[in-house]
Amino acid sequence: MKKKILIVGGGTAGTMTANNLVNKLMPEIDRGEIEITMISDSKIHVYRPGAMYVAFHKAAGHEFIRDQRSLLMLEVAFKVDKAVEINSKENFVKGASGEIYNYDFLVLATGCEVAPERIPGLKEGGDWFYSYEGAKKIARKFEKLKKGRVLVTVNFPKTPDIPHQCGIAPVETTMMLHDFLVEKGVRDDVEIVYSYPTKSQAVENGLFLQAPTSEVLPSIFDSINVKYKTSFTLSKVDPDKKIAYSQEGEEMEFDILMSTPPFIAAEVIRTSGLSQALDNEGWLPTDRKTLKVKGLDNVYTLGDTVDLSVSKAGGTIHNQVDVLIANIAGELRYGYPTESYDGKVIAIAQMGLQCGMPLWYDYEEDVKPTPCSKLGSFVRLGFNKSLYWAAARGML
Ligand SMILES: Cc1cc2nc3c(=O)[nH]c(=O)nc-3n(C[C@H](O)[C@H](O)[C@H](O)COP(=O)(O)OP(=O)(O)OC[C@H]3O[C@@H](n4cnc5c(N)ncnc54)[C@H](O)[C@@H]3O)c2cc1C
């Protein structure tokens with residue numbers, strides 16, 4: 001009988017999974033033995049890192065958006081439908097349309113979303129670049145900024161050892177902001193303060209979630225006159241007075257609060273009963289090697305929705321996807337998964353508007369800061385423009 005693979009979520013993880021599965025399972029698909037279906041709650045596909053460039057007027061936004069169907073191989077059946085129920089006992093997902101999607105194998109790739117309302121006053125008083133709407137809003141504020149203080153704050157999930165989305169993004173955008181203000185000729189009149197919470201992932205009282213980068217950041221920030229403040233865990237914001245308060249009892253005034261807000265998993269995951277994450281954050285309990293949802297033999301997950309300690313980043317997904325598709329193919333062909341994820345993450349960080357820093361790490365080794373260069377930036381901008389779409393289509 002035909003086996004059904006269902007993918008929920010048409011973002012980076014779901015799209016790479018779908019197209020790479022088609023490549024991997026082409027003989028079975030040709031013989032009519034396998035059917036791959038994706039449901040996503042949107043007909044468009046958003047390249048999320050593009051929002052950082054929108055925040056500094058280096059892109060308008062539309063460059064990073066494509067029609068989701070156009071990215072999928074013809075062998076993938078695609079439906080725009082919002083998953084509202086996951087029934088892992090009877091192997092089906094229910095859509096908001098009322099349709100029931102049965103599966104033999106399920107891949108949950110619904111990402112994560114910003115939840116600024118989880119910190120009092122942040123929604124009203126803060127800004128962020130993690131969505132295109134947010135990036136456009138902060139871009140207008142940056143454009144008008146002639147003097148004052150930009151305060152950078154970073155929030156981590158309450159569930160231990162889980163990162164926020166794209167760990168390096170607060171550093172990237174702090175450096176991009178510096179370059180942007182230099183370009184506009186107002187850098188001397190604007191103070192940039194980068195703050196970091198007392199507890200991140202592996203580091204306490206530092207400036208980054210892993211020690212080697214945390215240790216190198218002061219010299220980088222000193223070289224561009226960015227002030228930095230450790231142990232500032234944002235607890236509330238007064239939007240009228242423009243003051244940010246910390247759990248540690250300090251307060252800081254700001255003109256613009258560029259925040260990394262709280263993140264949570266998609267609603268369908270939070271209400272599924274599958275997650276034990278604290279504060280109903282919804283991260284899926286994930287086997288760090290097989291990428292199966294723990295306790296469910298035919299349900300896999302990857303990308304921003306997992307509860308793994310690795311970065312919630314496209315550079316993570318790129319490495320997870322090969323493992324996940326090999327394991328589903330292994331189960332179909334031999335009856336068992338064949339690959340193991342080692343936690344590898346590979347990316348190029350945009351360290352300012354002209355500089356790209358290649359970085360990689362895995363479960364065993366922390367990320368090591370490497371020299372950033374114009375060549376690195378060239379590759380990163382090339383990835384944004386075209387290589388990403390090749391990767392999403394399963395060609396890279
Ligand atoms: C500003 C910014 C900068 C970044 N910079 C980098 C970087 O430099 N390098 C890097 O590697 N990564 C970076 N990232 C992170 C990267 O973009 C994410 O890790 C990646 O997009 C996550 O992919 P995903 O598929 O898990 O989630 P998403 O891409 O968010 O996709 C989730 C999909 O699920 C769909 N969905 C949600 N709920 C449902 C539902 N109930 N039913 C059906 N569909 C649903 C959504 O519509 C969406 O299509 C950055 C992200 C941001 C925001």
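Setting aside its neighbours within four places in sequence, Val193 is in contact with Arg149, Val150, Leu151, Val152, Lys227, Lys229 and Met252. One thing to keep in mind from the start: what you're looking at is a predicted model.

So where does Val193 sit? You'll find Val193 in strand β12, which runs over residues 190–195. Is Val193 buried or exposed? Its relative accessibility is 6%, and buried means under 20%, so Val193 counts as buried. Val193 and Ile7 are 186 residues apart in sequence, and from C-alpha to C-alpha they are 42 Å apart in space.

Let's step back to the domains. The domain assignment of the protein gives domain 1, made of 3–111 + 266–345 + 387–392, and domain 2, which is 114–263. The C-alpha centres of domain 1 and domain 2 lie 30 Å apart. How many residues does each domain put into the contact? Domain 1 gives 28 residues and domain 2 gives 31 residues.

Next, the nonpolar cores. The largest nonpolar core has 114 residues, and the members that touch the most other members are Ile36, Val93, Leu106, Leu108, Phe142 and Tyr194.

Leaving aside neighbours within four places in sequence, Ile36 is in contact with Ile5, Ile7, Leu21, Val22, Ile29, Glu75, Val76 and Ala77.

Asn19 is found in helix α1. With a relative accessibility of 0%, Asn19 counts as buried. Which residues is Asn19 in contact with, leaving aside its neighbours within four places in sequence? They are Leu71, Leu72, Met73, Val76, Ala392, Arg393 and Gly394. Val76 is also in contact with Ile36.

The other one is Glu28, in helix α2, residues 26–30. Glu28 has a relative accessible area of 9%, so Glu28 is buried too. Again leaving aside neighbours within four places in sequence, Glu28 is in contact with Glu33, Ile34 and Arg333.

Last stop, the ligand. Around the ligand there are 32 residues, and the closest are Asp41, Arg48, Asp304, Gly315 and Arg380. Have a look at the glycines here. A backbone N or O atom of Gly10 lies 3.5 Å from an oxygen atom of the ligand. For Gly11, a polar backbone atom is 3.3 Å from a ligand oxygen atom, and for Gly314 a polar backbone atom is 2.9 Å from a ligand oxygen atom. How much of the ligand does the protein bury? Taken alone, the ligand exposes 990 Å², and the protein buries 94% of that.

And which elements give two or more residues to the shell around the ligand? Those are α1, residues 12–24, and α10, residues 314–333. The largest share of that shell comes from α10, with three residues.

How values were computed:
Residues are numbered from 1 along each chain as its sequence is written. This is a predicted model: local features need pLDDT of at least 70, side-chain atom pairs count only at pLDDT 80 or more; totals for chains, interfaces and linings use all residues. Side-chain values use heavy atoms; hydrogens and water are left out. A nonpolar core is a set of buried Ala, Val, Leu, Ile, Met, Phe, Trp, Tyr and Cys residues joined through side-chain atoms within 4.5 Å. Buried means under 20% relative accessible area, exposed over 50%, partly exposed in between (1.4 Å probe, protein chains only). Contact means heavy atoms within 4.5 Å. A residue is near a molecule or strand if one of its heavy atoms lies within 4 Å of it. A polar contact is a pair of N or O atoms within 3.5 Å; within protein, one must be able to donate a hydrogen and the other to accept it, and residues adjacent in sequence count only if both atoms are side-chain atoms. Accessible areas come from the Shrake-Rupley method with a 1.4 Å probe; for residues, only the protein chains shown count as cover. Helices (H or I, at least four residues) and strands (E, at least two) are DSSP runs, numbered from the N terminus. Domain bounds come from an automatic or database domain assignment.
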